[in-house]
Amino acid sequence: VTTRWGCFACTVLGLAAAAPRGIAGRSQLQIQPFLRRHGVLHRKASLRCRAEGWERAHEILTDFDVGQRRASSGVEGLTKGTAANEFSKNWEDREALWLSVKKLADMSTSLVMGICAGSAEEGVGELKGLVSALGLKRNRLHGMDNDGVPRDMADFGAVYIRYVAATGDAYLSGYDGYYRGVYVTPQLKDGEFRQYGVLPLGLWREDSPAEEQPNDLRSAAQAFIESSMAERAAAMSVELKVTDACEATGTVHVSCKGSDDGIAQSVAVRRWIEASLAQMPVVKKVNVT
């Protein structure tokens, strides 16, 4: 079942890559000394260097990946995703990440992206933003309905969307993980597998943050926070900011940060934020991150 991108979809797909193996079953690490002695690695590096400009982009994205893995290395299970998300949220140089993604996407011979989002609305919004900002092909989002009957995606939950630039098609499925962000898998002319992520959601907004379309609900929700919730938020040492809002569904997304993550991310604070903003007649749902 397929539909245009104004709707949602559900098809289980994922990103995967097999680990490379070397000569006669040996690992790539085991045969590298042999390759160096015969100049194979040197020639391969020379070929890669001719793709001028991608090395710095690769370095920036790799530095992010390494830092994110370190940030979540000390935890297990579902909390690994939470730790990785917190690392992404606090990454300061988002512009450098975005410029690097643009560079590699522009130089790629093929490109696949995987979006992990908290809701179908958020995921499809991210898909539209990325594809538009990168100037990629836009075709169909598959699996939106059940036997021709549109799904109610309001309470669908977290989603994973796989986008294939070659066709412009995207595939949405349910997602039970806790990671939030984007996997970017560009293939350059050398044919090597490279995957970066989970990169922060919303990097595409770095192109022209000052030119975003006005959002009355977002402005109204932020004004409500500053007038009616600021005093209590300050007492708890938390900072509240409306990061996005959808007027069509009445959904408001709020970022809650504080010096004490235990307080900022507690259930009690989350429920207070949700209950407070629900006093606004136009607000139907509140997502707190």
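Which strands does helix α9 (residues 267-277) lie across? In this predicted model, local features need pLDDT of at least 70 and side-chain atom pairs count only at pLDDT 80 or more, while totals for chains, interfaces and linings use all residues. Residues are numbered from 1 along each chain as its sequence is written, and side-chain values use heavy atoms, with hydrogens and water left out.

Helix α9 lies across β10, β11 and β12, and runs at about 150° to β12. Helices (H or I, at least four residues) and strands (E, at least two) are DSSP runs numbered from the N terminus; axes are lines fitted to C-alpha atoms, for helices over the stretch in contact, with angles from 0 to 180 degrees between N-to-C directions. Helix α7 (residues 216-235) lies across β10 and β11, at about 165° to β10.

The sheet under discussion is an open one of three strands, ordered β10-β11-β12, with mixed pairing. β10 (238-246) and β12 stand at the edges with a single partner strand each, so one side of each has no neighbour in the sheet. From one strand to the next, the twist averages 25°. Pairing here calls for at least two DSSP bridges between two strands. Eight bridges join β10 to β11 in an antiparallel run, and L240 has C256 as its bridge partner in β11. Strand β12 (residues 285-288) has a covered face made of V286 and V288, and an uncovered one with K285 and N287.

Back to α9: what sits on its buried side? The buried residues (under 20% relative accessible area; exposed is over 50%, partly exposed in between, with a 1.4 Å probe and protein chains only) are V269, W272, I273, S276 and L277. They cover an arc of only 115° around the axis, which puts them on the same side of α9; the arc is that of the directions from the helix axis to the C-beta atoms. An α-helix has 3.6 residues a turn, so residues three or four places apart point the same way. The face of α9 turned away from the buried side carries exposed A268 and R271. As for partners, the buried residues of α9 pack against α7, β10, β11, α8 (261-264) and β12, where contact means heavy atoms within 4.5 Å.

S255, in strand β11, is buried with a relative accessible area of 10%. Leaving aside residues up to four places away in sequence, S255 touches K89, E239, L240, K241, T243 and T289.

Now for the cores. A nonpolar core is a set of buried Ala, Val, Leu, Ile, Met, Phe, Trp, Tyr and Cys residues joined through side-chain atoms within 4.5 Å. The largest holds 37 residues, of which M113, L127, I161, L172 and L199 touch the most other members. Apart from it lies another core, of 22 residues, including W272 and L277.

Finally, Q195 belongs to the loop between β8 (181-187) and β9 (196-199), and is partly exposed at 31% relative accessible area. Its side chain makes a polar contact of 3.0 Å with that of T185; such a contact is a pair of N or O atoms within 3.5 Å, where, within protein, one must be able to donate a hydrogen and the other to accept it, and residues adjacent in sequence count only if both atoms are side-chain atoms.
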